Amino acid sequence: MLIRFLSLLREAGIPVSVTEYLALLESLKAGIAETSVDNFYVLARTILVKDERYYDRYDRVFAAHFSGIESMLELLGGAEIPDDWLKRLAELHLSPEEKAKIEALGGLEKVMEALKERLKEQEGRHQGGSKWVGTAGRSPFGAYGYNPEGVRIGQDSSRQRSAIKVWDRREFRNLDDSLELGTRNLQVALRRLRRFAREGAAEELDLDGTINATARNAGWLDLKLRPERHNTVKVLLFLDVGGSMDDYIKVTEELFSAARNEFRHLEHYYFHNFVYESVWKDNRRRYQQRIPLQEVLRTYSPDYRLIFVGDATMGPYEILRPGGSVEHWNDEAGSIWLGRLLSAFPRFAWLNPQPESRWEQVPSIGVARQLVEGRMYPLTPAGLERATRVLNAR
Amino acid sequence: MQNARFSSTRRYVATDDLSMAVAAAVTLGRPLLIKGEPGTGKTQLAEEIAEFLARPLYEWHIKSTTKAQQGLYEYDAVSRLRDSQLGDPRVHDISHYIVKGRLWEAFTSDVQPVLLIDEIDKADIEFPNDLLRELDRMEFYVYETRELVRARHRPIIVITSNNEKELPDAFLRRCFFHYIRFPDAETMRRIVDVHFPNIKKDLLAEALEAFYRIRDVPGLKKKPSTSELLDWLKLLLAEDISPEALRATDGKATIPPLYGALLKNEQDVHLFEQLVFMHRRTTR
């Protein structure tokens, strides 16, 4: 009973255990959910899912399992792609060969069709594993700076509104942020960041110290206190998405989900290729909800560690010239904005997913490396080790 | 023991999802972990459950320095040491220096109590792990007096978290979980009705619209939540503001009166003023 549902949940990456399965059966026996599917949906979610970021995956698995759909493909039928920006981006990024390939495919309209097809395939294969649709890095669409987060996938437009069930609304999609798999080695390196600094007020009775001091005092009580241990590390994370980074999003994501567990404060922002006057926090709403970099600069205190994750692979003019951004007109060059960030947060590092051996060949990496005063490290456990050492230096 | 199913009370609006989650937790005797945006009534839930089921409520508020042991009991070694130095006869019975914690108090309650463990994520990362056995078996051992404390009635445990830290898997396994979503406009209207039954309809409509508009402003550090809305409405009623004063549809967007109740930090207020200013310029 329900075992298949359970194994589907586990396949989708939701950590469900036997304990929880038994609890669910127990609750069904107790008659809490009565006999409606809606009640069962809520009850099973309460018992099986322990984090809101899995709600979206749960919704998808539930929909697939309980409406008798064999695979997820049908769910993802109505992918909507904002035509105009796709076109614009495609024009900006395409190399001549790629343009020729598009012509061969039959123009942009055809490409978009193919893209939708590709989306279906990829989601089908990942089956809820990751929210990044086009992350395989083999996709011909990666090069277009196509950002899957901007695409609405779902059936909100393709079905009658009234028929939409709770689990089809997918309201928790944005909370799904983690990809725990394979983060083990990264986590080990990140742990170095946890500086158990013995800072702050005296709070804890130091028993050994007290006994020692009292004995020395010939039995007269001498209390010793010592400060509590705190994890004081605060981190600002800037993640490059879209464009040439799509190949590395998977690695970036692993780092990101590793980082989530490690810090007292962790704030993340997204940028595309390079930092300019604004960044964004929610990839899905990157065009509506931009946050001025000035605001970031004045919001956080200088004790935040600043970590960039980006391949820094672009035209050098994108860094050095006003108006160099491929997406919009920037009044001031990216290098100036980066400089402001670096002076506001003096402890910083840049993690680059490109193999270190290739850095020499890419001029823009050299430029970025100079700007961050050489503090650029490869996105490997060893590179992280070096980065955290720099971040911890006083 | 069969309990009436928890539902909305005259002070608290519970969605069906939430009632279901509470029912499951109460029936199966598992702790219920509640998450959600600040100000969506997580802490209040425990109070409402206690009142609804007419049970005593024990609250344990967690701080960053709280240890799991403090919820069970504390051995006040310092005052024992002092008593011994002063020659107080109480010193010979160690039980005088065992101070009961909230969990112990809840365990010894005569009727099934409600226990609130508030903001569990504030504590050290190992804190939830240290409570596993206590929450599972509802018993713990006092080493100093060699005494086993066992719950007379399995308490209804409500745990809240603001997501500041990840909770360990082993802990999560033992809990049921519910995420309180930010209420939609319809639920919000019900919530306001519960708190201000006599509010004028048009004022409420305007206020809600202004409220959701402010929530939609991109980049706010702290979005106003339900509790802020309720505070704001209280002020609006006290000042007897007319609904017209809240209206911003004529292009001359204004800052809603008494917005200090909604926006809680100066950057947000500044950002908001800037946006309103820009909006005025473009519509002029």
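Let me start with chain B. Take its contacts between residues at least 6 apart in sequence: 77% of them join residues at least 24 apart. Keep in mind that this is a predicted model. Chain B has 284 residues, and 33% of them count as buried. Its secondary structure comes to 12 helices and 9 strands.

Next, the place where the two chains meet. On one side there are 29 residues of chain A, and they are in contact with 25 residues of chain B. Which elements of chain A give two or more residues to that side? They are helix 2 (18–29), helix 3 (37–48), strand 6 (290–292) and helix 12 of chain A. Sorted by class, the side of chain A that touches chain B has 11 nonpolar residues, 9 polar ones and 9 charged ones.

Now one helix in detail: helix 14 of chain A, residues 334–344. Which of its residues are buried? Gly334(A), Ser335(A), Trp337(A) and Leu338(A) are. These four cover an arc of only 160° around the axis, so they sit on the same side of helix 14 of chain A. What do they pack against? The buried residues of this helix pack against three helices of chain A: helix 12 (293–299), helix 13 (317–320) and helix 15 (363–371).

Turned away from the buried side, it carries Gly339(A) and Ser343(A), which are exposed.

Note on methods
Residues are numbered from 1 along each chain as its sequence is written. Chains are lettered from A and ligands numbered from 1 in the order in which they are written. This is a predicted model: local features need pLDDT of at least 70, side-chain atom pairs count only at pLDDT 80 or more; totals for chains, interfaces and linings use all residues. A residue is buried if 20 or more other C-beta atoms lie within 10 Å of its own, exposed if 12 or fewer, and partly exposed in between; C-beta atoms are placed from the backbone. The arc is that of the directions from the helix axis to the C-beta atoms. Two residues are in contact if their C-beta atoms, placed from the backbone, lie within 7 Å. Ala, Val, Leu, Ile, Met, Phe, Trp, Tyr, Cys and Pro count as nonpolar, Asp, Glu, Lys and Arg as charged, and the others, Gly among them, as polar.
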